[in-house]
Amino acid sequence: MNSSHPPRAGAGFTAPAKKQLGQHFLADTHYVEKIVMAVNPKDGDCLVEIGPGQGAITFPLLRRHPKLTVIEFDRDLIAPLTEAAAPLGELTIVHRDVLQVDFTALAAGGKIRLVGNLPYNISSPILFHALEHAAAISDMTFMLQKEVVDRMAAGPGSKVYGRLSVMLQAWCEVTSLFVVPPGAFRPPPKVDSAVARLVPRDPATIGIDDPKRFAEVVKAAFGQRRKTLRNALNGVIDEAGFAAAGVRSDARAEQLEVADFIRLANVPHA
Ligand code: SAM
C-alpha cells in the first residue's frame with residue numbers, strides 16, 4: 001500500500017477536527033481493518049465504542065455487528081453519525097463525556113466490550129475510569145499514544161515500567177498489538193500510536209484486599225523511583241511490613257513484580 005495516499009476511512013461526512021477534543025480521525029482503512037479484526041465481534045457481544053468521531057471504526061464495526069453503542073461528546077457529530085448509521089444497523093448514541101458514563105449500568109447485568117481510538121488528552125483518566133467498572137467489561141481494544149501503550153504493557157526492569165503499568169496489570173492482562181503511524185490520521189498527531197488489548201482478570205484471582213491502599217503504595221513507590229523502597233515508602237510500609245511481604249526494602253520500585261506490590265499493600269498497617 002502507498003502509505004502517503006491511504007484509502008480514506010470514515011462515514012462519508014467530514015467535520016473540522018477539534019483539538020480540544022483530541023480529534024485525530026483514523027483515515028487509513030488498513031488500520032481500521034486491523035482494529036476491527038482485533039475486536040473480532042461475535043454474536044451477542046455488547047459492543048461500546050468510545051469517541052466514534054466521523055465513524056472510521058464505527059461503520060465497519062456496524063457492518064459486521066448489527067448493534068453498537070457509541071459515546072461521543074461532540075454534539076456536531078451526533079446528527080451526521082445518526083444519519084450515516086441508519087442503513088447499516090442499530091446505533092445507539094450516548095451524547096456524554098465518557099468519564100461520566102456508568103459502564104456498569106450500560107452493561108445491564110452482563111458485560112460490555114469497549115473499543116476506541118481514544119482522545120489522547122484524557123486517555124489515562126479513561127483507563128482508570130474503566131478499571132472502576134472492570135467487573136462489567138469483558139475486554140477493551142484501545143488506540144492510544146504508543147508511549148502510553150509501552151508504559152501500560154511494560155514489565156519490571158524496563159525504563160518505562162511504572163505506576164500505570166502496575167495499576168493496569170493488577171486488574172487486567174495488557175497486550176500491545178500493533179503500531180499506527182501519524183500518517184494514518186487526519187490531522188496527523190505528532191507521535192506514533194499503538195493499539196492495545198486489556199482483558200480484566202477474574203476479581204477472585206487478583207487478591208488485592210484494599211484497592212485504595214494498593215493505589216497509595218504503588219503511587220508512593222514510583223513517586224521516587226530512583227530511591228530504595230525503604231526510603232520511597234517511608235511512613236507507608238515499615239521494615240516489619242517488608243519482611244511480612246517478602247520484599248527487600250533495598251530494592252527499587254522498578255524491580256518489583258505486580259504480585260510484590262499486592263503483597264506489600266496487603267500487609268496490615270496502622
Ligand atoms: N473513532 C474516531 C476515529 O478513529 O477516527 C475518532 C477518534 S478521535 C481520536 C477521539 C474521539 O473522542 C473524537 O470523536 C472526540 O470528539 C471524542 N471525545 C473526546 N473527548 C471525549 C469525551 N470526554 N467523551 C466522549 N467522547 C470524547
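A polar contact is a pair of N or O atoms within 3.5 Å; within protein, one must be able to donate a hydrogen and the other to accept it, and residues adjacent in sequence count only if both atoms are side-chain atoms. This is a predicted model, where local features need pLDDT of at least 70, side-chain atom pairs count only at pLDDT 80 or more, and totals for chains, interfaces and linings use all residues. Residues are numbered from 1 along each chain as its sequence is written, and side-chain values use heavy atoms, with hydrogens and water left out.

**Exercise 1. Find S249 and work out which side chain it makes a polar contact with.**

Step 1: Go to the loop between α11 (239-245) and α12 (258-266), where S249 is found. Helices here are DSSP runs of H or I with at least four residues, strands are runs of E with at least two, and both are numbered from the N terminus.

Step 2: Check the cover. S249 has a relative accessible area of 7%, so S249 is buried. Buried means under 20% relative accessible area, exposed over 50%, and partly exposed in between (1.4 Å probe, protein chains only).

Step 3: Look for the partner. The side chain of E239 makes the polar contact with the side chain of S249, at 3.0 Å.

**Exercise 2. Compare the setting of N40 with that of A108: is each one buried, partly exposed or exposed?**

Step 1: N40 lies in the loop between α1 (29-39) and β2 (47-50), while A108 lies in the loop between α4 (103-107) and β5 (112-117).

Step 2: Check the backbone. Phi of N40 is near 50°, a positive value in a residue other than glycine. For A108, phi is also near 50°.

Step 3: Read the accessibility. N40 is at 40%, so it counts as partly exposed. A108 is at 67%, so it counts as exposed.
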